[in-house]
Amino acid sequence: MTKVKICGLKNQTDIKCINTLSPDFAGFVMFFEKSHRNISPEKAQKLLSALDPNIKSVAVTVSPTEEQLEQIHTLGFDYVQIHGKISEKLLSECKTPVIRAINVSGIESIGDIENLDNVKGILFDSAVPGSGKSFDWSMLEKLPKTDKMLFLAGGLTADNVAKAVAQLRPFAVDVSSGVELADKSGKDFELVRIFIENARNSK
């Protein structure tokens, strides 16, 4: 069964939603002030303490510094999801297991990621992370086999996630804007519920 990651959680209401509906992963945007989903380490600590421990926590970052990665490790996140640029040295020395995010134009670089032991997953996103825009999923159909967890993100919604799962059978699907309330104040409980149901029940 394909696993589900709900990303961009930012308040206690979101946590209650997640704890009730039980996705497999919960994502929190950190150290990226351009995003309205960005939260401080202090807030992350409070939300993590309220999160069901059976749900894996993921700190979502863009080109993080060594100090930021250290803070994420100290907070006790299960994984750190890294977008943008990062040196191979910093990536290999990261103490928290890594989900390396790449946009579809960077697919050729999987070979480099494959060789790093602490990179546990690879997340495929559209060219602009968090934009809610999808890409041509067929680009991923000929990927080489890998032991890494493969996450599909970018423009997924309750309406198209079943099709995406049926086409690619990824390890997990990832959604943020596709399950948000219209005012972007948090997650829409019903959209999250339907997304999880459709992802897990796809034939």
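Is C94 buried or exposed? C94 is buried, with a relative accessible area of 10%; here buried means under 20%, exposed means over 50% and partly exposed is anything in between, using a 1.4 Å probe and protein chains only.

## What you're looking at

This is a predicted model, so local features need pLDDT of at least 70 and side-chain atom pairs count only at pLDDT 80 or more, while totals for chains, interfaces and linings use all residues. Residues are numbered from 1 along each chain as its sequence is written, and side-chain values use heavy atoms, with hydrogens and water left out.

Let's start with strand β4, residues 79–83. Helices (H or I, at least four residues) and strands (E, at least two) are DSSP runs, numbered from the N terminus. Five of the five residues in β4 are buried. Y79, Q81 and H83 point one way, while V80 and I82 point the other.

Who are the partners of β4? Two strands pair if DSSP finds at least two bridges between them. Strand β3 (residues 56–62) runs parallel to β4, joined by five bridges, and V62 has H83 as its bridge partner. Strand β5 (residues 98–103) also pairs with β4 in the parallel sense, over three bridges; there, I82 stands opposite R100.

Helices come into the picture too. β3, helix α3 (residues 66–75) and β4 make a right-handed β-α-β unit, and so do β4, helix α4 (residues 88–93) and β5. Right-handed means that, with the strands pointing away from you, the path from the first strand over the helix to the second runs clockwise.

## Loops worth a look

D24 sits in the loop between α1 (12–21) and β2 (25–29). Its side chain reaches the backbone nitrogen of V4 at 2.8 Å. Leaving out residues up to four places away in sequence, D24 touches K3, V4, I55, K56 and R200, where contact means heavy atoms within 4.5 Å.

Most residues other than glycine have a negative phi. S63, in the loop between β3 and α3, has a positive phi near 45 degrees. R169, in the loop between α6 (161–168) and β8 (172–175), also has a positive phi, near 50 degrees. S63 is partly exposed at 33% relative accessibility, and R169 is partly exposed at 44%.

## Salt bridges

How many salt bridges does the structure hold? There are eight, counting a side-chain nitrogen of Lys or Arg within 4 Å of a carboxyl oxygen of Asp or Glu. In one of them, D174 and K5 have their closest N and O atoms 2.4 Å apart. D174 lies in strand β8 and K5 in strand β1 (residues 3–6), so the pair ties together parts that are 169 residues apart in sequence. Both D174 and K5 are buried.

E197 and R193 are four residues apart in helix α7, so about one helical turn separates them. Elsewhere, R37, E180 and K187 are linked in a network of salt bridges.

## And disulfides?

A search of the whole structure finds zero disulfides, a disulfide being a pair of cysteine sulfur atoms within 2.5 Å. As for the cysteines, C17 is buried at 5% relative accessibility, and C94 is buried at 10%.

Note on methods:
Polar contact = N/O pair within 3.5 Å; in protein donor to acceptor, adjacent residues only side chain to side chain.
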